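Try each task before you read its solution.

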Amino acid sequence: MAPLPNSRTEPDGSAVIRVLTYNIRSMRDDTAALARVIRACEPDLVLVQEAPRFFRWRKKLARLARAADLVIVTGGATTTGPAILSSLRAGVERTEDILLPPTPGLHRRGFATAVVRFAGTRIGVLSCHLSLQKDERHEQGGMLLDRLAGMGVEHAIAGGDLNERPDGRTFRLLTEGLTDCRAAAPWGGEHTWTPADPYQRIDAIFATKGIEVLGCGVPDGLPGVTGTDLRAATDHLPVLAALRIPAG
């Protein structure tokens, strides 16, 4: 597997960043393995799904962030699961936790959002975990696009557990306005579920036009990321992307 570009600031003020999206199953599995996987990916941003939501959830998420050399930006129980972590390289401008309209009988969903800066760049960030029910999921996909458009930034990224494959209606809706980073620059593995026998891609990272995708995929051959840790950490495989954000 070819090396993925490292994070850096370019002479023109643009920023190369690493973005990881990861469903961590409420940290119910091997949290040491989970932290090792995240740390080995050296991300600037981590878009988390199924962050701890109940007793002492903030302490649990803080413990993971600390073990992975990151800090909490926003989210967790306040969004019913999605969260954002970052390296100290990111300057946080603002955050907003959003609860989506509930559907009786279904788990309520939310978005964790932030606007962050890297050197001369400014970027909107959104972490999501879309519904298992197809009609609600499609509505949430439209809300995701509306939320990115309303963040007041030129460049934005979104990532998460879509609960849908690329040929699904909601996935296709998102790619009408956003770049599917894996499709734009395949790198690493493709399928994200399940770790023991990955056979489908239901986790993804998307970027607005103007963001250059340098590589994106499951980091199953990255130095420091072992198959044992990937299988022990949670019930999804992570997706890692290297992106170049233009200076703004």
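**Exercise 1: The nonpolar core**

In this predicted model, the largest nonpolar core holds 31 residues, and Tyr 22, Leu 34 and Ile 38 have the most contacts inside it.

Task: Find which elements give two or more residues to this core.

Solution. 
- Step 1. List the elements: β2 (15-23), α1 (31-41), β3 (45-49), α2 (57-67), β5 (83-86), α6 (227-233) and β13 (239-245).
- Step 2. Look for the largest share: α1 gives seven residues.
- Step 3. Pick out Tyr 22. Its contacts include Leu 34, Ile 38, Leu 47, Leu 230 and Pro 238.
- Step 4. Look beyond this core. Another core of 26 residues lies apart from it, with Ala 90, Val 116, Ala 207 and Cys 216 among them.

**Exercise 2: An aromatic pair**

Task: Explain why the pair Phe 171 and Phe 206 is edge-to-face.

Solution. 
- Step 1. Count the aromatic pairs: there are two.
- Step 2. Take the rings of Phe 171 and Phe 206. Their centres are 5.3 Å apart and their planes stand at 65 degrees, so the pair is edge-to-face. The cut-off for that class is over 60 degrees.
- Step 3. Place the residues. Phe 171 is in helix α4 (residues 169-177) and Phe 206 in strand β11 (residues 203-207), so the pair ties together parts 35 residues apart in sequence.
- Step 4. Check burial: Phe 171 and Phe 206 are both buried.

**Exercise 3: The cavity**

Task: Find which residues line the largest cavity.

Solution. 
- Step 1. Count cavities of 30 Å³ or more: there is one.
- Step 2. Note the space in the largest cavity: about 30 Å³.
- Step 3. Name lining residues. Among them are Arg 182, Glu 190, Arg 201, Asp 203 and Val 239.
- Step 4. Sort the lining: three nonpolar, three polar and four charged residues.

How values were computed
Residues are numbered from 1 along each chain as its sequence is written. This is a predicted model: local features need pLDDT of at least 70, side-chain atom pairs count only at pLDDT 80 or more; totals for chains, interfaces and linings use all residues. Side-chain values use heavy atoms; hydrogens and water are left out. Rings of Phe, Tyr and Trp (its six-membered ring) pair if their centres lie within 6.5 Å; planes under 30 degrees apart count as stacked, over 60 as edge-to-face and the rest as tilted. Helices (H or I, at least four residues) and strands (E, at least two) are DSSP runs, numbered from the N terminus. Buried means under 20% relative accessible area, exposed over 50%, partly exposed in between (1.4 Å probe, protein chains only). On a 1 Å grid over the protein atoms alone, a cavity is a set of points where a 1.4 Å probe fits but cannot get out, and a pocket is an open set with protein on both sides within 12 Å along at least five of seven lines; lining residues have an atom within 4 Å of a point. Grid points are joined across faces, edges and corners, and a volume is the space filled by probe spheres set on the points. Ala, Val, Leu, Ile, Met, Phe, Trp, Tyr, Cys and Pro count as nonpolar, Asp, Glu, Lys and Arg as charged, and the others, Gly among them, as polar. A nonpolar core is a set of buried Ala, Val, Leu, Ile, Met, Phe, Trp, Tyr and Cys residues joined through side-chain atoms within 4.5 Å. Contact means heavy atoms within 4.5 Å. Lists of a residue's contacts leave out its neighbours within four places in sequence.
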